[in-house]
Amino acid sequence: MDSMLHVGVGRATITPPIGVDLMGYSRRSRPSTGIHMDMYATALVASAQGATVAILDCDLIFLHPPLVDEIRDAIAAYLETRRSHVLINCTHSHSAPTSSPVKVGGEQDRVRPEEEAYICSLPHLLLSAVRQAKTAMQPARIGAGAGCIAFSANRREKLPDGRVVLGNNYKGAVDHSVGVVRVDSRDGRPLAALVNYACHPIFLGSASRLISPDFPGPMRRTVERETGTTCLFLQGATGNVNPRNPMHPDAGEAERAGTILGLEAAKTFLDIDTLSLI
């Protein structure tokens, strides 16, 4: 491949079977009972000037470190690139299954056989998304922009007695920027949208037993509808950033927030002019 930028995208469905435990809330002790939206692993592979990178967006709360090593090694070997050139980003949905023997939610003392089978499938599914992306690679142009949405807040609230609790600290550090990277084909057709935002995906609370990507799912759906291209969501520095209105028993607020974010991201995407790297 020549020194020109080439980009491809691919996607694999990683929705677990109904009945798996959902991670993120220790008080949610019972297994999942339904699916709000399918879960995805979306891959972007890019190559230029002899270097190849892969970026993956995964609808998981996290990936167990040994599993990350296995997946990155497999992708790097397939792409004939460095392991350091493979980025795996989890959306951090709290309505996603486990990928680890360590469980925060459900039956915390064991991983059931169907969960073990699901975990074992993940390396193959993520590599499948990368294979699709590599096959789809073509000459590309790139550009970037930023929007702004304020549905998140710092969650370290200090009470009058000095205690710090999970709440809303409206004076605390928070990033409302919506980072967007646009990738087009050489003739200007949209190829990919990468969207970055920092907020815990906890619009669905512990009372919900639905498998869900939370707000990143509706966000991607909205961007893809409005731009006609594949969207990846890259979670930001969300450690102490929660929604202003979190923890609902259904997906209504996740749908609303994701749609708002998706519309802002799509507006930003459509205003970006892309350029060739060389």
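This is a predicted model: local features need pLDDT of at least 70, side-chain atom pairs count only at pLDDT 80 or more; totals for chains, interfaces and linings use all residues.
Helix H1 (residues 65–79) and H2 pack with their axes 10 Å apart and at an angle of about 30 degrees. That angle makes H1 roughly parallel to H2, a label given to angles under 35 degrees, while those over 145 count as roughly antiparallel, 65 to 115 as roughly perpendicular and the rest as oblique. Axes here are lines fitted to C-alpha atoms, for helices over the stretch in contact, and angles run from 0 to 180 degrees between N-to-C directions.

Residues are numbered from 1 along each chain as its sequence is written, and side-chain values use heavy atoms, with hydrogens and water left out.

**The helix pair**

From H1, the residues in contact (heavy atoms within 4.5 Å) include Leu 67, Ile 71 and Tyr 78. Among their counterparts in H2 are Ile 119, Leu 126 and Arg 131. By class, this contact has 12 nonpolar, no polar and 3 charged residues. Here Ala, Val, Leu, Ile, Met, Phe, Trp, Tyr, Cys and Pro count as nonpolar, Asp, Glu, Lys and Arg as charged, and the others, Gly among them, as polar.

**The sheet**

Now for the strands. Helices (H or I, at least four residues) and strands (E, at least two) are DSSP runs, numbered from the N terminus. Two strands pair if DSSP finds at least two bridges between them. An open sheet of 8 strands shows mixed pairing and the order S5-S4-S3-S1-S6-S9-S10-S12. Its edge strands, each pairing on one side only, are S5 (86–90) and S12 (230–235). From one strand to the next, the twist averages 25 degrees.

Helix H2 (residues 113–135) packs on the sheet, touching S1 (6–13), S3 (40–48) and S4 (51–58), and its direction makes about 145 degrees with that of S1. Helix H3 (residues 216–227) lies across S1, S3, S4, S10 and S12, running at about 145 degrees to S12.

| Strands | Bridges |
|---|---|
| S1 and S3 | 8 bridges |
| S1 and S6 (residues 138–148) | 2 bridges |
| S9 (residues 177–185) and S10 (residues 190–197) | 6 bridges |

Within these pairings, Val 7 stands opposite Ala 46 in S3, His 6 opposite Pro 139 in S6, and Arg 182 has Ala 193 in S10 as its bridge partner. S1 is mostly covered, with 6 of its 8 residues buried. Buried means under 20% relative accessible area, exposed over 50% and partly exposed in between (1.4 Å probe, protein chains only).

**Residues worth a look**

Most residues other than glycine have a negative phi. Glu 80, in the loop between H1 and S5, has a positive phi near 55 degrees. Glu 80 counts as exposed because its relative accessibility is 75%. His 92 sits in the loop between S5 and H2, with a positive phi near 75 degrees. At 23% relative accessible area, His 92 is partly exposed.

Finally, Gly 217 lies in helix H3 and counts as buried at 4% relative accessibility. The C-alpha atoms of Gly 217 and Glu 255 are separated by 8.2 Å, though these residues are 38 residues apart along the chain.
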